[in-house]
Amino acid sequence: IVASFNVFEPIRNRLILDQWQALFLNLYGNSSGFYNGLYTPHETRGWTTKTNRVITMGNEKYTLNNMGHRSLYNYERLDDKYKILIVGDSMTFGEEADDSYVWPNLLQEQDANFQVVNLATGGYGVDQMYITLQESIDYYEPNLVIVALIGDDLHRSTLKFRDYKKPKFEIVGDDLVPTNVPIGDIIEVRSELRNQY
């Protein structure tokens, strides 16, 4: 049964990929907007959060600070604090949750000696979390790193497109090599998809 499932995995991934690309074209085919103003394209991660945003959707308030973290506080380097760096997906970013219910914000409120940096981004796979951590860890110099993920985040790493064009790692010898990069802006990605279909 496992062998049979593996034979169909590329077909399953192709169907999922086509669905995400079609959704993107339907939602953003004639627009330069991206996810209600929360996200922007990123050349290595696919997309990332915008900076300095306070957006209300329904009853939920989304606050993105000066660094693009989902946080109620602007980031400043505080060397006397215990720095906790968090990477994750929408569950940790807090999609469909008010700022007051986002678990990294609740963690921040637990101890005044903590400095919690929430780098989670909706839709991310483990690959994008890895790139985010790789690009950010030296800057933040955390005491603790938390990687918060769900099972689907592993599958997302097998895709070249989910919500938006994204990196995909290939194994070359003993190395992980990112492919499908650099990621273009919305106009470039839209044009690439239209040419493809």
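The model is predicted, so local features need pLDDT of at least 70, side-chain atom pairs count only at pLDDT 80 or more, and totals for chains, interfaces and linings use all residues. Residues are numbered from 1 along each chain as its sequence is written, and side-chain values use heavy atoms, with hydrogens and water left out.

Side chains of opposite charge can pair when their charged atoms come close. Here a salt bridge means a side-chain nitrogen of Lys or Arg within 4 Å of a carboxyl oxygen of Asp or Glu. The whole structure holds 11 salt bridges.

**Stop one.** Select aspartate 79 and lysine 83, whose side chains form a salt bridge at 3.7 Å, N to O. Aspartate 79 is exposed, at 60% relative accessibility, while lysine 83 is buried, at 7%. (Buried is under 20% relative accessible area, exposed over 50%, partly exposed in between, with a 1.4 Å probe and protein chains only.)

**Stop two.** Now select aspartate 89 and arginine 156, a salt bridge of 4.0 Å, N to O. Aspartate 89 sits in the loop between strand E5 (82-88) and helix H2 (90-93), and arginine 156 in helix H5 (residues 151-156), so this pair ties together parts 67 residues apart in sequence. (Helices, H or I with at least four residues, and strands, E with at least two, are DSSP runs numbered from the N terminus.)
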